[in-house]
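Let's walk through this model together, from strands to cores to pockets. Keep the viewer open as you read.

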Amino acid sequence: MKEKYYVIGHKNPDTDSICSAIALAYLKNQTEEGEYSAKRAGQINEETEFVLDYFKKNPPGYLPDVGTQAKDMEIRKVPGMPKEMSVRKAWEYMRDNQEMTLALTDDDNNLEGVISMSDISNSLMEHNPKALSEAKTPYRLIEETLDGEIIVGDKDACFEKGKVFIGAGNADVVGKYIEPNDLVILGNRAEDHLNAIELGAGCIVIAINAEISPAIKSYAKEKGCVIIRTPHDSYAIAQLIEQSIPASAIMVCENIITFHRDDFTDKIKSTMAKTRIRNFPVLDKHDKYVGISSRTNLLNVAKKKVILVDHNEQSQAVDNIDQAEIIEIVDHHRIGSLETHNPIIFRNQPVGCTATIIYQMFGERGEEIPEDIAGLLCAAIISDTLMFRSPTCTMADQNAAKNLARIAKIDIEEFAKEMFKAGSNLSNKTAEEIFYQDFKKFIAQDVAFGVGQISSMDAEELQTLKQRLEPHLKYECGKHGVQMVFFMLTNIMEENTELICYGEDSAEVVKEAFGVDLTKGACVLQGIVSRKKQLIPAMMGALQETEI
């Protein structure tokens, strides 16, 4: 099987995060070994949805957590067995395949019960002469377990009444013990066969393949007595016969501890620690049985392999990133707080967009860029650089966008207008959804603060958004340890940002960073359009100078 890798951007993904993940996964699949899948750590915003629809690309699959899961463990593909099988057949399978537990399933692979070696041992240690009838054991299982042959009777019928009795001794003594419907083990004497049938035995088992006269067969058929002949002697029959009971008679079918393939190993470890059971059935998302896993398998769980794009901050990364193996990062932001266990490929360039770096990687590998991928990369550059107006924009971004637009057959300015219009049309979204559409958390001097941003070419639309967001900021402040919240309402055409703020020390930080005072919790920052290059560095510097 090919090694699996997940290419994923930050939480609250923007257009660059999504499009770069799709493009890099495509490039990796064309040029490297392995199976690369683009994923997303959050919901797609309107702008990105417009871009994906425009270029007819499906959104990446949702992967909010990269912690290890049951499916990252070894799941032994032990087939589900029918509960109608004999205990002996179950034991033989476990012995031959070195398994301690079997899952018993129906024809649709639904789990009906489990049976273990200890269950079998316990059942055989408890002598119960009526065990076979209480389990309603089919005669075919008795025939199979004793390597025998049903001479008279219906093999699909069941032994449902009576006990198992060895008919040793003379007829007078044996006659005192045989009761109607009993299963009687006999030798080769015809008079014993006849006597047992006359006393109402429901089944007689004849040892050492003894001959049975036609008259006895006819009489047994008349009296409804089943005859089974076996090559084993009486002692072996007595040893084996209880092993013919169906597995359903001793299986555990209530309070079974199971795991699903998507269950996280933290939960699995906690559950395993509370029980002495060692083997557990694993189910898929439809509750169908897929295999068995054990405590030992948990020790060798494989970490998910991930490639991060458009971020390298712990606070922005997909949940449980510390449980994954980061093998590569492609980014254009400042060096953040992520740590790795091993050296990795870390490509970080001072350009306006991660997509620009991906574009360069296509060229370096001599790989042709398909029209739809070119469209995604171009859209990401337009979005991140605010159509080349952001101070983060470089000539490399502009050149890449122009070349990509040519491949994608789009006009940059016309496409940008449609894209930004789609991105700022948030009339159907709640204030909370707008707030988290493009929101990132940062930490400086042990102070956690969050910054969201919406960009638009329409000043009126931005004012409408302001009115909806202002009352909401106070509800978000304090969540997830965030002490201050800021929201950038960026006017692309006028190249400025109205910054709305909430938090006890937010006014002091803004004053220190930009030299302006807040008016009713807001201020206009002329020439500030980039969160990454203009707003965050200034705030980081202010927090270092200000004791909060």
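The paragraphs below start with the strands and end with the pockets.

A word on the ground rules: this is a predicted model, in which local features need pLDDT of at least 70 and side-chain atom pairs count only at pLDDT 80 or more, while totals for chains, interfaces and linings use all residues. Residues are numbered from 1 along each chain as its sequence is written, and side-chain values use heavy atoms, with hydrogens and water left out.

Begin with strand β4, residues 101–105; helices (H or I, at least four residues) and strands (E, at least two) are DSSP runs numbered from the N terminus. Because five of its five residues are buried, β4 is largely enclosed by the rest of the structure. Here buried means under 20% relative accessible area, exposed means over 50%, and partly exposed lies in between, with a 1.4 Å probe and protein chains only. Both faces of β4 are covered, with Thr101, Ala103 and Thr105 buried on one side and Leu102 and Leu104 on the other.

What does β4 pair with? Its partner is β5 (residues 111–116), joined to β4 by five bridges in an antiparallel arrangement; two strands pair if DSSP finds at least two bridges between them. Leu102 has Ile115 as its bridge partner in β5. The two strands form a hairpin with five residues between them, and Asn109 in the turn has a positive phi of about 70 degrees.

Five bridges link β14 (residues 279–283) to β15 in the antiparallel sense, and Leu283 stands opposite Tyr289.

Now look at a loop residue. Thr230 sits between β12 (226–229) and α10 (234–240), and it counts as buried because its relative accessibility is 0%. Leaving aside residues up to four places away in sequence, Thr230 touches Leu146, Gly148, Val205, Ile206, Ala207, Ile208, Asn209 and Ile237, where contact means heavy atoms within 4.5 Å.

On to the nonpolar cores, which are sets of buried Ala, Val, Leu, Ile, Met, Phe, Trp, Tyr and Cys residues joined through side-chain atoms within 4.5 Å. The largest has 52 residues, and Leu24, Val51, Ile382 and Phe415 have the most contacts inside it. Helix α14 gives the most to this core, with nine residues. Phe415 touches residues including Phe50, Val51, Tyr54 and Ile382. Apart from this core lies another, of 36 residues, among them Ala90, Met94, Leu240 and Ala247.

Finally, the pockets. On a 1 Å grid over the protein atoms alone, a cavity is a set of points where a 1.4 Å probe fits but cannot get out, and a pocket is an open set with protein on both sides within 12 Å along at least five of seven lines; lining residues have an atom within 4 Å of a point. Grid points are joined across faces, edges and corners, and a volume is the space filled by probe spheres set on the points.

The largest pocket has a volume of about 860 Å³. Of its 27 lining residues, Lys4, Tyr6, Lys71, Asp72 and Lys304 lie nearest its centre. Strand β2 gives the most to this lining, with three residues. The second largest pocket holds about 720 Å³ of space. Among its 36 lining residues, Asp14, Asp384, Gln453, Arg531 and Lys532 are the closest to its centre. Its largest share of lining, five residues, comes from α20.
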